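The sequence and the structure come first.

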Amino acid sequence: MNVADILVDGYTRIRETVHAAVEGLEPDDLHARLDKGANSIAWLVWHLTRVQDDHIADAAGTEQIWSAQDWAARFDLPFAERATGYGQSSKQVGEVKVGSAELLIGYFDAVHLQTIGFLQGLDGKALDRVVDEAWSPAVTLGARLISVLSDDLQHAGQAAFVRGSLERR
């Protein structure tokens with residue numbers, strides 16, 4: 001197994017978890033919050049997808065799927081188009097409303113396809129490329145990819161937890 005295969009496997013696990021957490025849910029369940037400060041499934045999946053879209057597009061030197069494929073207009077959220085959910089307040093989390101599970105999964109799958117295409121072309125040397133000098137030490141592509149993978153798996157797991165909690169109500 002090479003570097004690209006390992007990364008593709010990891011990112012595919014995000015996809016599996018997102019689909020299991022979202023498929024078949026109605027908007028009320030997607031927007032439900034376990035308490036007034038909790039994140040909804042809609043926000044968790046939108047956020048993890050926005051971060052992946054933003055970070056992978058930056059690393060690949062491509063436009064984000066969010067804007068390139070007009071997902072921003074389809075979601076019609078009350079935030080700046082570049083918003084990823086990072087640092088949002090509880091009130092803003094509650095403003096992430098989606099019309100359907102299919103919309104949420106559609107955006108995620110479009111980002112996933114772009115991500116997999118990017119990952120499949122990587123070799124071990126590519127992971128040493130610096131992609132963000134705003135940090136000390138500077139962030140390499142390898143560190144960025146693992147950071148997104150870790151963060152996305154955590155949020156996907158949180159979405160699965162919320163779904164399970166809602167189903168037990």
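Where is P137 found? P137 lies in the loop between β1 (130-132) and β2 (139-140). The peptide bond that leads from S136 to P137 is cis, with omega near 5°.

**Basis of the model**

The model is predicted, and local features need pLDDT of at least 70, side-chain atom pairs count only at pLDDT 80 or more, and totals for chains, interfaces and linings use all residues. Residues are numbered from 1 along each chain as its sequence is written, and side-chain values use heavy atoms, with hydrogens and water left out.

**Overall fold**

The protein contains eight helices and two strands. Helices (H or I, at least four residues) and strands (E, at least two) are DSSP runs, numbered from the N terminus. Read from the N terminus, the order of elements is α-α-α-α-α-α-α-β-β-α.

Along the principal axes, the C-alpha atoms fill a box of roughly 50 × 35 × 30 Å. Of the 169 residues, 49% count as buried; buried means under 20% relative accessible area, exposed over 50%, and partly exposed in between (1.4 Å probe, protein chains only). Contact means heavy atoms within 4.5 Å. Among contacts between residues at least 6 apart in sequence, 72% join residues at least 24 apart.

**Helix packing**

Two packed helices are described by the angle between their axes and the distance between the axes. Axes are lines fitted to C-alpha atoms, for helices over the stretch in contact, and angles run from 0 to 180 degrees between N-to-C directions.

| Helix pair | Angle | Axis distance |
|---|---|---|
| α1 (residues 3-22) and α8 (residues 141-168) | about 20° | 9 Å |
| α1 and α7 (residues 101-120) | roughly 175° | within 10 Å |
| α3 (residues 41-60) and α7 | roughly 30° | within 10 Å |

Helices α1 and α8 pack at an angle of about 20°, which makes α1 roughly parallel to α8. Angles under 35 degrees count as roughly parallel, over 145 as roughly antiparallel, 65 to 115 as roughly perpendicular and the rest as oblique. The crossing of α1 and α8 is left-handed; a crossing has this hand if the near helix is turned anticlockwise from the far one by less than a right angle, and is right-handed if clockwise. Residues of α1 in this contact include L7, G10, Y11, R13 and I14, and those of α8 include L145, L149, L153 and A156. By class, the contact of α1 with α8 comprises 15 nonpolar, three polar and three charged residues. Here Ala, Val, Leu, Ile, Met, Phe, Trp, Tyr, Cys and Pro count as nonpolar, Asp, Glu, Lys and Arg as charged, and the others, Gly among them, as polar.

The axes of α1 and α7 cross at roughly 175°, which makes α1 roughly antiparallel to α7. This contact involves, among others, V8, Y11, R15 and H19 of α1 and L104, F108, D109 and H112 of α7. The residues of the contact of α1 with α7 divide into 13 nonpolar, five polar and two charged.

For α3 and α7, the axes cross at roughly 30°, and the two helices are therefore roughly parallel to each other. The crossing of α3 past α7 is left-handed. The contact of α3 with α7 has 14 nonpolar, five polar and two charged residues.

**Two leucines of α8**

L149 lies in helix α8 and is buried, with a relative accessible area of 13%. Apart from its neighbours within four places in sequence, L149 contacts G10, Y11 and I14.

L153 also lies in helix α8, but at 34% relative accessibility L153 counts as partly exposed. Not counting residues up to four places away in sequence, L153 touches R13 and I14.

**Local backbone features**

Most residues other than glycine have a negative phi, and most peptide bonds are trans. D70, although not a glycine, has a positive phi of about 65°. D70 lies in the loop between α4 (65-68) and α5 (71-75) and, at 45% relative accessibility, is partly exposed. D76 likewise has a positive phi, near 50°. The loop between α5 and α6 (90-94) holds D76, and at 63% relative accessibility D76 counts as exposed.
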